[in-house]
Amino acid sequence: MLRSERYRNFVEYFSKNQPGAQTELHYGNPFQLLIAVILSAQCTDKRINQVTPALFARFPTPESLAASDADEVFTYIRSVSYPNNKAKHLVGMARMLTEVFHDEVPADINELQKLPGVGRKTANVIASVVYDLPAIAVDTHVFRVANRIGLTTNARTPLAVEKQLVKYFPKETLAIAHHWLILHGRYICVARSPKCEICPISWFCRYYERANTETALLKAEALKVKKIKAAKKKKAGNVIHKALKRRSVDKNI
Ligand code: SF4
């Protein structure tokens, strides 16, 4: 199947079946989403959603967070991964937002990446989710699932994956495609053992196609070996039969 067909099938399937896919992080405004996304690195959305209500209540604005310090922020996020670093990043991010960006979360990917704790992935999430810009964030799920399905080829880095996805997805679907890939990776195309047997898109998945082609080839090979063995056995049986027959004829003589 051509890559363009896989993209077409992917968009058609998910547009029909998950038209409202969105982030599972809870937030009420761009500032809160930025905090949640920074916290979510190497952590689950479920865990982040457990700590953010108290954090958002204590620090409702960039000014309030900027006026605090990492030690205090740490007490709210101690149960997430890398809490020390993330606490420092959150305070640094809030200070830059107030001092440089007039309390507004910027929309530009490069501007966003100037904020402490904000890498390309986080910047793309904000650009696409908050500002509906044609950007796509590549996290571990997007990286893995896009490759398995066959949406990317020989893409070895998140940036390479991002470039291919941006090139092939219709612009208007880029933002939501991020959520389709993440949710599919989180619940069906899981890292260790993808649930191909219940996957609704296996019919256009490259990984599935290859796995089944290999299985079919192995089965055909096993059948061939079995036939050869059966033929050899039959031949050996015929030789013995003929020998026995010859012996009984000789005895009669
Ligand atoms: S068929 Fe398997 S590998 Fe392909 S997308 Fe579905 S779960 Fe993932």
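The model is a predicted one, in which local features need pLDDT of at least 70, side-chain atom pairs count only at pLDDT 80 or more, and totals for chains, interfaces and linings use all residues. Residues are numbered from 1 along each chain as its sequence is written.

Asp132 sits in the loop between helix H8 (120-130) and H9, and has a positive phi of about 55 degrees although it is not a glycine. Helices are DSSP runs (H or I, at least four residues), numbered from the N terminus. Within helix H9 (residues 140-149), the buried residues are Val142, Phe143, Val145, Ala146, Arg148 and Ile149. Gly150 follows H9 with a positive phi, near 105 degrees. In the loop between H9 and helix H10 (158-168) lies Asn154, another non-glycine residue with a positive phi, about 50 degrees. Asn154 counts as exposed because it has 7 C-beta neighbours inside 10 Å.

Turning to helix packing, helix H2 (residues 30-40) and helix H6 (residues 83-99) pack at an angle of about 155 degrees, their axes 10 Å apart. Axes are lines fitted to C-alpha atoms, for helices over the stretch in contact, and angles run from 0 to 180 degrees between N-to-C directions.

The domain assignment, automatic or from a database, gives domain 1 (3-187) and domain 2 (208-253). Their centres, taken over C-alpha atoms, are 61 Å apart.

How values were computed:
Buried ≥ 20, exposed ≤ 12 C-beta atoms within 10 Å, placed from the backbone. Helix = DSSP H or I, 4+ residues; strand = E, 2+ residues; numbered from the N terminus.
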